[in-house]
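Please look at the sequence and the structure before reading on.

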Amino acid sequence: MSNRTTDTDAQTDTDTDAPDIPQTDDELTRRNMAKLLAGIGGAAAIGSFGVDYAAGLPGSLDTGSETLYVEGTRLVDRDGNPLTAADALSTDEFDKMDVFPEKEGGGALVTKRATTLLLRFPEDEYEAPTNIEGTAKGYVAYSKVCTHEGCLVAGEQGSELRCPCHGSLYDPTKGGSVTGGPASRSLPQLPLGIADDEDGTLLLATGPFEGPIGTEE
């Protein structure tokens, strides 16, 4: 099985002790994507709004109110390269990769809280409670931060996502719902869309995560 996750996959329980780097307003991912949004497909655009993340992850710094993704934020890899629907992932096997929101001015916002799992399945494999309109050409995205104690969900068990810290299991074809372990809440889904640009058919967010990240309330 191909697994294209990055070195963040090696995280263990010590993840909860690693603080995020606080971001200033001009480093947040507020992008004017009018040109891209004109070509959005696969999901209805959702208006951007701020989310209060003052609580942060266990052991993290107080980051205040910020929005990791807003309508039109491009998904990029760790090096800041935009991802295109044509070549990011295949549907031939269970494949996933870590992606991040693009910062204003370019580059990836690489923090633990911003780490996002991008996966791809045949479109007919998705079931409720997945936000089907938030998938695009078989792509789906979730926060990688476990909702139990804030570790990174880096493992796999069959076709499910497994947190290596305490064994929580999540089904990415059913809205990131919990199927085992101590977690009590699904991984929040990130709604996706596709837009044509000079760089290709780009993957972008059509709104923020559809729920709190990790242990945040």
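Which residues of the largest nonpolar core touch the most other members? They are Leu75, Leu83, Leu118, Tyr139, Leu190, Leu192 and Leu203, out of 24 residues in that core. Such a core is a set of buried Ala, Val, Leu, Ile, Met, Phe, Trp, Tyr and Cys residues joined through side-chain atoms within 4.5 Å. Strands E4, E6 (139–143), E12 (192–197) and E13 (200–205) each supply at least two residues of this core; strands (E, at least two residues) are DSSP runs, numbered from the N terminus.

The model is predicted: local features need pLDDT of at least 70, side-chain atom pairs count only at pLDDT 80 or more, and totals for chains, interfaces and linings use all residues. Residues are numbered from 1 along each chain as its sequence is written, and side-chain values use heavy atoms, with hydrogens and water left out.

Methionine 97 is found in strand E4 (residues 96–101) and is buried, with a relative accessible area of 8%. Buried means under 20% relative accessible area, exposed over 50%, and partly exposed in between (1.4 Å probe, protein chains only).

There are 4 salt bridges, each a side-chain nitrogen of Lys or Arg within 4 Å of a carboxyl oxygen of Asp or Glu. Among them are these:

| Pair | Closest N to O distance |
|---|---|
| Arginine 74 and glutamate 102 | 2.8 Å |
| Lysine 96 and glutamate 156 | 3.5 Å |

Lysine 96 is buried at 1%, whereas glutamate 156 is partly exposed at 23%.

Terms used
Helix = DSSP H or I, 4+ residues; strand = E, 2+ residues; numbered from the N terminus.
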